[in-house]
Structures are given as structure tokens and as C-alpha cells.
Amino acid sequence: MTDVTSSKSARRPHHWRHDLIELAALFTAVVVADTIAKTIVKGPDGHYLLVFSAIALVATAAFHTWWARRHSHAPPAGPVGGHSPATRPAGAAPRAETREQPEEPGVPVETALWRMRTTVADTPGSLAALCTVLARMGVDILTLQTHPLADGTVDEFLLRAPADLSAHALARETAAAGGRDTWTERADAHDLVDTPTRVLGLATRTALDAAELPLALRQLLGRCTLHSVPAVSLTGRPTGEPAPVEGVLEETVMRLRDPDGGTLIVERPYLPFTPTEFARARALVELDARLGPRVPRSHDVLTLPEGNEITVRRADQRDLPAARAMHDRCSARTLGLRYHGPVGDADRYLDHLLSPRFGRTLAVQTTSGRLVALGHLLWDGDETEVALMVEDDWQRRGIGSELLGRLVAMAEEAGCASVYAVTQSSNTAMVAAMRALNLPLDYQIEEGTLVITARLASAPRPADRPEPQEQTRERQQEQRHEGVRRPGR
């Protein structure tokens with residue numbers, strides 16, 4: 001990783017000015033010596049003095065040479081980096097040839113961060129050959145993880161490379177060094193955190209909040225789609241999803257046992273999972289199962305314009321009785337705008353919506369403890385949905401806007417790229433609340449159903465990463481026709 005820099009500093013550029021100065025000094029010394037010799041020879045003992053001066057000059061030169069060799073600070077004569085020709089990997093270029101045009105000192109070089117994963121043969125020297133090729137291209141290896149497989153080793157790198165180096169060139173040179181199934185992706189400063197530190201941070205977040213498990217799995221495994229399939233549907237019928245077999249890993253699909261009895265399905269079509277990733281993900285799920293239900297108990301007391309005080313807090317399945325009582329007080333129109341289906345089925349959705357496995361829920365309660373509003377931030381595969389319901393007697397007081405703003409802030413904190421709301425085109429209150437966010441909005445109307453998507457500026461997707469939104473929309477359309485679209489729409 002530092003071989004290129006060491007090689008560059010070990011070679012000193014040779015300038016013609018140095019030769020000219022040394023030649024002029026030589027001529028000057030000859031002229032001075034000739035003048036002194038002629039002056040001494042004319043004296044009575046000139047010949048003896050000339051011979052004595054020559055002996056003293058030779059002795060002084062010999063002493064200077066011995067002293068210089070004994071106290072030399074020059075670099076060793078061997079190859080840079082301490083590798084002898086015998087230990088240099090086969091086919092590797094000498095260290096001194098890693099840069100044909102050394103850069104001038106003090107001139108900054110524009111670089112870019114890359115994540116690269118490639119599979120190499122599990123033989124001595126295979127990784128060394130790959131690192132030599134990367135050094136030849138001026139690539140610095142910041143971190144390295146190894147994932148042993150049955151037929152090789154998957155090496156995952158975080159690289160700092162010259163900005164003009166393309167992904168195609170990087171993959172081509174990696175293949176020439178023996179790498180196969182190479183995958184590259186642009187990285188950012190967040191990837192500079194080493195893997196043990198990142199895993200411990202994700203475990204801490206999961207321990208504090210059960211709703212963090214899906215987000216922790218996404219951050220651990222990269223760009224992936226996460227589905228939570230319960231063992232029993234909302235109507236009480238088995239979903240037909242078999243329980244995953246422990247220790248069995250498909251290439252691009254990972255199935256984990258949900259602590260609630262269902263199945264967590266993680267999909268990453270562009271990059272197969274490794275056994276190491278599977279072990280890390282299963283450890284997070286086991287941690288969540290051992291800790292049981294948990295939600296941070298934060299309470300924010302707000303005062304409405306008319307002077308009434310309300311409390312906004314996190315909610316979970318322990319609030320199910322109070323949420324059902326709120327349903328009983330809501331009108332059929334309010335329930336219809338929220339759930340877009342039969343009003344009598346509204347209570348079935350609550351246990352699902354209040355589960356931290358599917359997202360986060362905010363509840364608004366009065367000073368007497370009565371629940372009057374619910375706001376949901378729901379993980380929906382690659383996307384995030386926001387949904388609101390305010391009891392009839394408490395509408396038009398700014399409660400919905402307050403909940404929506406807090407939910408969007410939570411989505412930004414979780415690193416979501418966008419949030420969307422599904423409502424009826426006649427629901428002007430929801431449209432006004434989304435517009436009040438002052439975020440870029442996209443509108444899509446289909447058979448009277450309005451989908452409003454707000455793009456969050458704090459978590460943009462890199463331009464070079466494929467955008468999975470179209471595939472998600474197609475999957476949602478298929479689920480609508482199959483009748484398995486997430487309830488509560």
C-alpha cells in the first residue's frame with residue numbers, strides 16, 4: 001500500500017545541471033593545483049613539498065571515503081519494500097517500475113474511493129500478485145476483508161485510487177492478476193469505518209430499539225431488499241412460507257428466522273452472499289430475539305394553538321388496546337382514507353403496523369392518556385412509506401403535520417433516500433402536509449389512488465449505483481394483484 005510512495009522517494013531524478021556544476025568544479029581544481037605546483041617547484045625544497053602534499057591529499061581522500069561509508073544515510077541497495085527478487089511474486093513488475101512518471105513532491109493527486117470484491121485462488125502468492133497489480137496502478141489499499149469459500153477466497157477491498165481510473169480498467173487489471181467474479185462500486189467516507197467497529201455500532205443500535213434490526217441488516221449487507229414474512233396472515237391463515245433451515249445459504253437470497261415466528265428474507269441479486277456475511281446477519285437477529293420487545297420511551301410534550309397539551313412518543317404492540325379504542329371513535333370516512341379497504345378490517349392491521357419489525361410508530365396522546373393519532377414509518381423493501389391517522393375531533397389542529405415532520409426526520413436519520421405516502425386523491429389534508437415538508441415531490445395517480453414521493457436531500461443515492469426503484473414498483477404492482485400488498489393502505 002505504501003510501496004509506490006517508497007519507490008518514488010527512493011529514486012532521485014538526475015538533472016544535467018548537477019553534471020555541469022561538478023565539471024566546472026573539476027576544472028577549477030585543476031587550475032588551482034597547477035598554479036600552486038609551479039609556485040612550490042621554484043623554491044629550494046619545492047620537489048619535497050610537492051611529494052608531501054600529494055601523500056597528504058591521498059590520505060585525506062582515503063579517510064573521507066572510509067568515514068562516508070561508515071556513516072552513510074543512503075537507502076539500502078536492495079529492492080524497495082524489503083522484498084528480494086526471490087520473494088517477489090511471479091509475474092510482478094519490479095518495485096522501481098511501479099510509476100513511469102513520478103509525481104512532483106507537494107502536488108496533490110485527486111483520488112476516489114472504491115469498494116471492490118473479487119475471488120482469488122486459495123494458494124500462496126495469489127493475494128500478493130493482486131496487491132502488486134493494484135500498486136502498479138497507483139491504488140492504495142485502505143482495508144481488506146477475506147471471506148473463505150470452498151473453491152477460493154473472496155477478498156473485499158476498500159481502495160483509494162486515482163480519480164481517472166475507471167471501474168472497467170480496475171476490473172480488467174484485477175482479472176489479469178487472477179481475480180474472478182469481480183464487483184466494484186464507488187464508496188464514500190462512511191465506508192472508512194473498519195468492519196468490527198461498524199458491526200458493534202449496529203449491534204448497539206439494535207439493542208436499544210427493535211425497529212433498528214431491518215436498518216442494521218441493510219447497513220451490514222449493503223444495498224439489498226429486506227422482506228419480513230409473518231408465519232400467519234392478518235386473517236389468521238398460514239402464509240405458506242416455510243421456516244428457514246438454519247445454516248443453509250442461497251447465493252443471492254438469505255433467509256433468517258424472525259424472532260416473531262416468521263421469516264426475514266434478504267435479497268441482493270447483484271452480489272452473492274458469503275458465509276461470513278450470513279454469520280454476522282444471524283448474530284444480529286439472535287441478539288434481537290434474546291432482548292425481546294423494546295422501544296425507546298421518549299416523550300415530547302407540545303402545546304396546540306388552542307392551548308391543549310399533547311404528548312408525542314414512540315408506540316409498539318403494547319398500545320394495541322388504545323389504538324383499537326381510537327378506531328372505534330373514528331368515522332368511517334377517516335378509516336377509509338387511511339386504510340383504503342373495508343372499514344371492518346381496520347383492526348386487523350394494527351398488530352402488524354405497531355410491530356417494530358415493520359417500522360416505527362409515533363403516537364399522540366392527550367393529558368388524560370387517550371390516544372388520538374398514529375403516524376407510521378414503514379420499511380417497504382427498498383423504499384419507505386409514511387402513513388397518518390388522526391381522530392376526527394382532533395383534525396385540523398396541526399397534529400398530522402407535526403407527526404409527518406417527525407417521521408421524515410426519522411427517515412433521514414435512518415439513511416432513507418425517499419419516503420412516499422399512499423392516499424386518495426380527495427385527501428387534501430395529506431397533500432397539504434406533504435407539500436409543507438418543502439421537499440421535492442413526485443405525484444403518481446392511478447385509479448383514484450395518489451402516491452406522493454418526497455426525495456430526501458440528506459441521503460442521495462450515488463449516480464453510479466443502479467436505482468432499484470423501478471423493480472420495486474413492478475414488485476408492488478404484482479403484489480397488489482396477488483393480494484399480498486402490505487395491509488393498511
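Which residue in strand 7 is the bridge partner of His227? In this predicted model, the partner is Ile265.

## Overall content

The protein chain contains 14 helices and 15 strands. It has 489 residues, of which 39% count as buried. Of the contacts in the chain between residues at least 6 apart in sequence, 64% join residues at least 24 apart.

The bridge between His227 and Ile265 belongs to an open sheet of 3 strands. The order is 5-7-6, and the pairing is antiparallel. Strand 5 (225-229) and strand 6 (253-257) stand at the edges; each has a single partner strand, so one side of each is left without a neighbour in the sheet. From one strand to the next, the twist averages 20°.

Strand 7 covers residues 263-267 and is joined to strand 5 by 5 bridges. These two strands run antiparallel.

## Helices on the sheet

Helix 7 (residues 212-221) packs on the sheet and touches strand 5, strand 6 and strand 7. The direction of helix 7 makes about 30° with that of strand 7.

Helix 8 (residues 275-291) lies across strand 6 and strand 7. Relative to strand 6, helix 8 runs at about 30°.

## Helix 6 against helix 8

Helix 8 also has a helical neighbour. Its axis and that of helix 6 (residues 195-208) come within 10 Å and cross at roughly 25°. Angles under 35 degrees count as roughly parallel, and the crossing angle therefore makes helix 6 roughly parallel to helix 8. The crossing is right-handed.

On the helix 6 side, the contact is made by Thr195, Leu202, Ala203, Thr206 and Ala207. They meet Arg280, Leu284, Leu287, Asp288 and Leu291 in helix 8. By class, the residues of this contact divide into 6 nonpolar, 2 polar and 2 charged.

An α-helix has 3.6 residues a turn, so residues three or four places apart point the same way.

## Helix 4

Helix 4 spans residues 126-136. Which of its residues are buried? They are Ser126, Ala129, Leu130, Thr132, Val133, Leu134 and Ala135.

Just after helix 4 comes Gly138, which takes a positive phi of about 80°.

How values were computed. Residues numbered from 1 in each chain as written. Predicted model: local features only at pLDDT ≥ 70, side-chain atom pairs only at ≥ 80, totals over all residues. Heavy atoms only, no water. Buried < 20%, exposed > 50% of the residue type's maximum accessible area, 1.4 Å probe, protein only. Helix = DSSP H or I, 4+ residues; strand = E, 2+ residues; numbered from the N terminus. Pairing = 2+ DSSP bridges. Axes fitted to C-alpha atoms, helices over the stretch in contact; angles between N-to-C directions. Contact = heavy atoms within 4.5 Å. Parallel < 35°, antiparallel > 145°, perpendicular 65-115°, else oblique. Left-handed = near helix turned anticlockwise from the far one by under 90°. Nonpolar A, V, L, I, M, F, W, Y, C, P; charged D, E, K, R; others polar.
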